[in-house]
Amino acid sequence: MDLPMGAVAGDEDVVLRIGGSPENVRTARLVAAAVARREGLPEDRVDEVRIAVGEAVTWALNTITDRAVEVVLGPGGRGEHAARTFVVRVGGGLALLSSDATGLPEEGGDDLAVALLRGLADDVHVDGDVTVLSWRDLP
């Protein structure tokens, strides 16, 4: 499968392709929580991942209607000296809105969603049409 987000899925990554139905957001949340637990995140961080993925996928489904949303979940740090992180990439959504120099949407109607994502993940940025969320310092 091609990953439109320029991400290369590693052996430990889970890749979801979500159709346009809102019911699929719940599936994305459940899978995100399961993968976060597998990676060793504490339960409070698992809840952050679950909520953030639900929000990012909802945004993506609301802004792109002609294709599936792809979600890649897995460890971000690779290599002997890489910090252990958990990374979620959601194709579509935030990037389709106007953005400032940081890649995040400018002040406007989606402020609450952006603030929520920033409050849940350690890092949030937009790379092309992909929203990247990460949590650092895994045990």
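User: Which residues does glutamate 39 touch, not counting residues up to four places away in sequence?
Analyst: This is a predicted model, where local features need pLDDT of at least 70 and side-chain atom pairs count only at pLDDT 80 or more, while totals for chains, interfaces and linings use all residues. Residues are numbered from 1 along each chain as its sequence is written, and side-chain values use heavy atoms, with hydrogens and water left out. Touching here is a contact, meaning heavy atoms within 4.5 Å. Setting aside residues up to four places away in sequence, glutamate 39 touches Glu12, Pro75, Arg84, Phe86 and Leu138.

User: Where does glutamate 39 lie?
Analyst: Helices (H or I, at least four residues) and strands (E, at least two) are DSSP runs numbered from the N terminus. Glutamate 39 belongs to the loop between α1 (24-38) and α2 (43-63).

User: Is glutamate 39 buried or exposed?
Analyst: The cut-offs are under 20% relative accessible area for buried, over 50% for exposed, and partly exposed in between (1.4 Å probe, protein chains only). Glutamate 39 has a relative accessible area of 7%, so this residue is buried.

User: Which side chain makes a polar contact of 3.1 Å with the side chain of glutamate 39?
Analyst: A polar contact is a pair of N or O atoms within 3.5 Å; within protein, one must be able to donate a hydrogen and the other to accept it, and residues adjacent in sequence count only if both atoms are side-chain atoms. At 3.1 Å, the side chain of glutamate 39 is joined by that of arginine 38.

User: Stepping back, in what order do the elements of the protein run from the N terminus on?
Analyst: The protein has 3 helices and 5 strands. From the N terminus on, they run β-α-α-β-β-α-β-β.

User: What is the order of the strands in the open sheet?
Analyst: Two strands pair if DSSP finds at least two bridges between them. The edge strands β1 (14-18) and β4 (123-127) each pair on one side only. With antiparallel pairing, the 5 strands of this open sheet have the order β1-β2-β3-β5-β4.

User: How many bridges join β3 to β5?
Analyst: Strands of a sheet pair through backbone hydrogen bonds, either parallel or antiparallel. On one side, β5 (residues 130-135) pairs with β4 in the antiparallel sense over 5 bridges. β3 and β5 also run antiparallel, and the bridges that join them number 6.

User: Is arginine 17 buried or exposed?
Analyst: Arginine 17 has its place in strand β1. Its relative accessible area is 53%, so arginine 17 is exposed.

User: How far is arginine 17 from valine 71 in space, C-alpha to C-alpha?
Analyst: β1 and β2 run antiparallel and are joined by 5 bridges, with arginine 17 opposite glutamate 70 in β2. Valine 71 has its own bridge partner in β3, valine 90. Arginine 17 and valine 71 are 54 residues apart in sequence, yet their C-alpha to C-alpha distance is 6.5 Å.

User: Why is β2 described as largely enclosed by the rest of the structure?
Analyst: β2 pairs with β3 in the antiparallel sense over 5 bridges. β2 is largely enclosed because its buried residues number 7 of the 7.

User: At what angle do α1 and α2 pack?
Analyst: Axes are lines fitted to C-alpha atoms, for helices over the stretch in contact, and angles run from 0 to 180 degrees between N-to-C directions. Residues making the contact include Ala28 and Ala32 of α1 and Val46 and Val53 of α2. The two axes are 8 Å apart, and α1 and α2 pack at an angle of about 145 degrees.

User: What share of the 139 residues in the protein is buried?
Analyst: Among contacts with a separation of 6 or more, 62% come from residues 24 or more positions apart. As for the 139 residues of the protein, the buried share is 44%.
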